[in-house]
Amino acid sequence: KVAIKGIERELICPACKELFTHPLILPCQHNVCHKCVKEILFTFEDSFADAGSESSNQSSPRIKISSPSTDRIDRISRSGTKRNSLTPRSSLFPCPGCQRDIDLGERGINGLFRNFTLETIVERYRQAARAAIAIMCNFCKPPPQESTKSCMDCSASYCNECFKIHHPWGTLKAQHEYVGPTTNFRPKILMCPEHEMERVNMYCEICRRPVCHLCKLGGCHANHRVTTMSTAYKTLKEKLSKDIDYLISKESQVKAHITQLDLLLKETECNSERAKEEASQSFEKLSHVLEERKSAALRAIEASKNLRLEKLQTQAEEYQGLLENNGLVGYAQEVLKETDPSCFVQTAKQLHVRIQKATESLKSFRPAAETTFEDFVVDIAKQEEILGDLSFHSSGLEIPEINEKQSKMYNKALISWECPGKTDSADIYVLEYHKLNREEETTTWQEVEVCSKSKIISDLDDDSSYAFRVRGYKGSICSPWSREVVLRTPPAPVFSFLFDDKCGYNSEHLLLNPGRTSVESRAGFPLLLGSDRMQVGCYTTLDYIIGDTGIAKGKHFWAFRVEAYSYLVKVGVVSSNKIQKLFHNTHDVTSPRYEQDSGHDSGSEDAFFDSSQPFTLVTLGMKKFFIPMTPAAPKDPASRILPLPSCLGICLDCDKGKLGFYDAGCMKCLYECNVDCSGVMYPAFALMGGAAVHLEEAVTAKYGEYHDDI
């Protein structure tokens, strides 16, 4: 038998760190005290409502729960199954056992089973721990006697005399079930929490929980695989007994592992002390180098100071001599008293030279030495950055590389990276980014920890460039920083819309996907039948489709992809007051009746053709981007043809009346023109022949998860 005192670790609630009290079984199969579940639910809901962000979820109460107030628990108990009482708005519960957010379903805490088996084991442990403390009779007059048995039907403890009084022979109470003294009273029959009047008699193998027949007939377990309770009991008991027997038979192996772990503990202690000593020596070397450099710098400053003081002191003494009856002036005054001409000339010649020099220095006064020490300022910016990155580097930890093809800048930034090798991968990554600003002298990196190999960054400024870098951590060891990658945000906020399947949509020629994010032109029998009527030329028309949302003001950006096989696609915008003209325009650009080449100058005809259109579109096709013919456009046709980007973007500025076409990969403007924004503007697309357009998907949390799966 296993000693009851050896299993205390299994009887501790992960939330309050105390012995379980009325434990509940969570869907993840962990157990938590009833009162702890209630307190965590309310704390989690309050933090979710106050912060409303991911950070508040991360600070959810996965810590030791202080004993909740009685009034609060009573309020929770009285609230029953009312909405927003026991079940939080998010319907999530942060399990303190596995640190995951568990969905409790619509019934919340009311849908959880009470773990009576665990409760019984806890009670046995408590009794073993307080063997000297007796359970007293609940019905004796003071002083109460020690109880000898407990009635499971009455949920009370009795001494022999009181038990006979309250359970007389020949009554129904005499048939009650009684056990030894205990404080743990459990119901004889386990009832279904979903259907309180029904007893559980089946076991759901999918959800791994007991259910009643109503749950199977029309409840949430209707399509699940279930077995009878007796079968589940027999199967699980056999498996558990078999596993326990196996573990007991491997007792010698377990002891050997324990011995090995003890050795590893000691070895870890020794190795950690050695690592501390080596790290301390490394920092002492750095400190010694810094002390030497510090002493050298201070000596240089002191030497410069002494030299400058000496020069300034000498200059001050020279100027002191220019005062009356002092120094040079006093000496000159004495020389002037000489009456012998020959002696005077002999002395005055040299003295006059000195007086002239003093006069010139007085006219252009300049200190003999500088007082500032700007040349002695120590630049430690680079050293600070290097010391900030000082950590335990490992040659075995791969340097991650940011994948520019999988990374994406749209409504948010999706940064994805990968490691060249598959071995010794990092446990966690640190992604840093900062906005490139020429005006700022210092760079301030923003840091975020990531457990996966991609991260979505929001709240970035529009029309700005950001630098990104990433490094991996495995314990206290980190890899060097990856190569910095610069990505640019869209020139304006992202505008979200879907293709309109009602206004002018031609279902015979165009095919929309169910989500209305992709459109494809079908060059089928209708096109062949239309062409069959003409012997010369081709009667093919453009099929138009617009977005289902318009723009009245502001600056907006959207992006899309054009399939490489597309023959002809036109993209741009159309005004609300010209939509009818757009879909009823009978002019056919490829019809022989409207042939553009009429023998006149081609440039003037192109200008006339552009001005006659009720919309602003540019032409794409055959993997090319065609810049429209305008007075500012190059006259050489070859220079007006650019490679078609993998993702094309359009920026509409209604306030300035500007329409720009961008390479959405690098956010480079390919072409910009003026546009009349007098009405509500709608994104417009035109397709002919085999062609397809896919709207760019917005970056969301689910997008990142899907991206990781890929």
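The chain has 15 helices and 34 strands. The model is a predicted one. Of the 710 residues in the chain, 33% are buried. Among contacts between residues at least 6 apart in sequence, 62% join residues at least 24 apart. The chain exposes about 45,200 Å², and carbon and sulfur atoms supply 53% of that area.

The largest nonpolar core has 47 residues. Those with the most contacts inside this core are Trp-558, Phe-560, Val-571, Leu-620, Phe-625, Leu-652 and Phe-685. Strand E25, residues 555-562, gives the core its largest share, five residues.

Leaving out residues up to four places away in sequence, Val-571 touches Phe-560, Thr-616, Leu-617, Val-618, Leu-620, Leu-648, Ile-650, Phe-661, Ala-684 and Phe-685. Strand E26 spans residues 568-575, and eight of its eight residues are buried, so the strand is largely enclosed by the rest of the structure. E26 pairs with strand E33, residues 681-688, in the antiparallel sense over eight bridges. Within this pairing, Val-574 has Tyr-682 in E33 as its bridge partner.

Three strands form an open sheet in the order E2-E1-E5, with antiparallel pairing. Strand E2 (31-33) and strand E5 (113-114) stand at the edges; each has a single partner strand, so one side of each lacks a neighbour in the sheet. In general, the strands of a sheet pair through backbone hydrogen bonds, either parallel or antiparallel. Strand E1, residues 23-25, is joined to E2 by three bridges in the antiparallel sense. Ile-25 stands opposite Asn-31 in E2.

Among the helices, H9 covers residues 327-335, and its buried residues are Leu-328, Gly-330, Ala-332 and Val-335. These buried residues of H9 pack against helix H10 (341-363). Helix H8 covers residues 251-320 and contains Phe-283. On the surface, Phe-283, Leu-286, Leu-387 and Leu-390 form a nonpolar patch, with about 380 Å² of accessible area together.

Pro-143 is in the loop between helix H4 (116-129) and strand E6 (149-151). The peptide bond from Pro-142 to Pro-143 is cis, with omega near -5 degrees.

Arg-208 is not a glycine, yet it has a positive phi of about 55 degrees. It is placed in the loop between strand E9 (202-204) and strand E10 (209-211). Is Arg-208 buried, exposed or partly exposed? Its relative accessible area is 47%, so Arg-208 is partly exposed.

Met-667 also is not a glycine and has a positive phi of about 55 degrees. The loop that holds Met-667 runs between strand E31 (658-663) and strand E32 (668-674). Met-667 counts as buried because its relative accessibility is 7%, and the cut-off for buried is under 20%.

How values were computed. Residues are numbered from 1 along each chain as its sequence is written. This is a predicted model: local features need pLDDT of at least 70, side-chain atom pairs count only at pLDDT 80 or more; totals for chains, interfaces and linings use all residues. Side-chain values use heavy atoms; hydrogens and water are left out. A nonpolar core is a set of buried Ala, Val, Leu, Ile, Met, Phe, Trp, Tyr and Cys residues joined through side-chain atoms within 4.5 Å. Buried means under 20% relative accessible area, exposed over 50%, partly exposed in between (1.4 Å probe, protein chains only). Helices (H or I, at least four residues) and strands (E, at least two) are DSSP runs, numbered from the N terminus. Contact means heavy atoms within 4.5 Å. Patches are made of residues with over 30% relative accessible area and no salt bridge: like charges are joined within 9 Å, nonpolar side chains (Val, Leu, Ile, Met, Phe, Trp, Tyr) within 5 Å. Accessible areas come from the Shrake-Rupley method with a 1.4 Å probe; for residues, only the protein chains shown count as cover. A salt bridge is a side-chain nitrogen of Lys or Arg within 4 Å of a carboxyl oxygen of Asp or Glu. Two strands pair if DSSP finds at least two bridges between them.
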